[in-house]
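Morning, everyone. Please have a look at the model on the screen, and then we'll walk through it.

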Amino acid sequence: MDISEDAVSLIAIHSSLEDYALAYAINQSLKSSFKRTLSDLEMAENVSFPIFDWKNKVNDEYWTLITNSQITKEESNEGGLFINEPLHKRHHLIPEHKEVDYFLRIEPETISDIEQILKLILTIPKVLTAYTVDSTELKSKNNLIFEECQVKKRRR
């Protein structure tokens, strides 16, 4: 399945808020009901991205909020000045948009409401900016397809 087969709206969000705080703020602003999913999106070993989703039954839409970057800690086996210090590595869900903190994915595409959604997101304190992204032009658009083989259960 290719993301271009199903029309989706994709909003890039720049914010210093933690993922749970942004989900809460969006819920307050948009009157939505985002909740953390029981599974995270696993992209590689020890690299997973938390997902918040909401099924808008009124408009028959499925909304997903996902962080664009994740930091992993790896053990350093190299010698030198910082021996035995952990290495921190940043991974991106959509590498061609490294500056984006979060993506809000809405399916099916909601062109008529997208401007109103953007206006409401921009009213949230600590949201620096938000704008639409053309998902068909993304090189890594397949990372936005959440297949069961990529999803792993969170530890409680």
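In which strand does H14 lie? H14 sits in strand β1, residues 9–15. Before going further, some ground rules. This is a predicted model, in which local features need pLDDT of at least 70, side-chain atom pairs count only at pLDDT 80 or more, and totals for chains, interfaces and linings use all residues. Residues are numbered from 1 along each chain as its sequence is written, and side-chain values use heavy atoms, with hydrogens and water left out. Helices (H or I, at least four residues) and strands (E, at least two) are DSSP runs, numbered from the N terminus.

Back to H14. Is H14 buried or exposed? H14 counts as buried because its relative accessibility is 13%. Buried means under 20% relative accessible area, exposed means over 50%, and partly exposed is in between, with a 1.4 Å probe and protein chains only. The side chain of H14 makes a polar contact of 2.9 Å with that of Y131. A polar contact is a pair of N or O atoms within 3.5 Å; within protein, one must be able to donate a hydrogen and the other to accept it, and residues adjacent in sequence count only if both atoms are side-chain atoms. Leaving aside neighbours within four places in sequence, H14 is in contact (heavy atoms within 4.5 Å) with residues including E99, D101, K126 and Y131.

Now the sheet. It is open, has six strands and runs β2-β5-β6-β9-β1-β10, with antiparallel pairing. Two strands pair if DSSP finds at least two bridges between them. β2 and β10 stand at the edges with a single partner strand each, so one side of each has no neighbour in the sheet. Helix α1 packs on the sheet and touches β1, β5 (51–56), β6, β9 and β10. The direction of α1 makes about 145 degrees with that of β6; axes are lines fitted to C-alpha atoms, for helices over the stretch in contact, and angles run from 0 to 180 degrees between N-to-C directions. Strand β6, residues 61–67, runs antiparallel to β9, and six bridges join them. T67 has Y102 as its bridge partner in β9.

Last, the backbone. Most residues other than glycine have a negative phi, and most peptide bonds are trans. K31 has a positive phi of about 60 degrees. K31 lies in the loop between α1 (19–30) and β2 (35–36). K126 also has a positive phi, near 75 degrees. The peptide bond from E107 to P108 is cis, with omega near -5 degrees.
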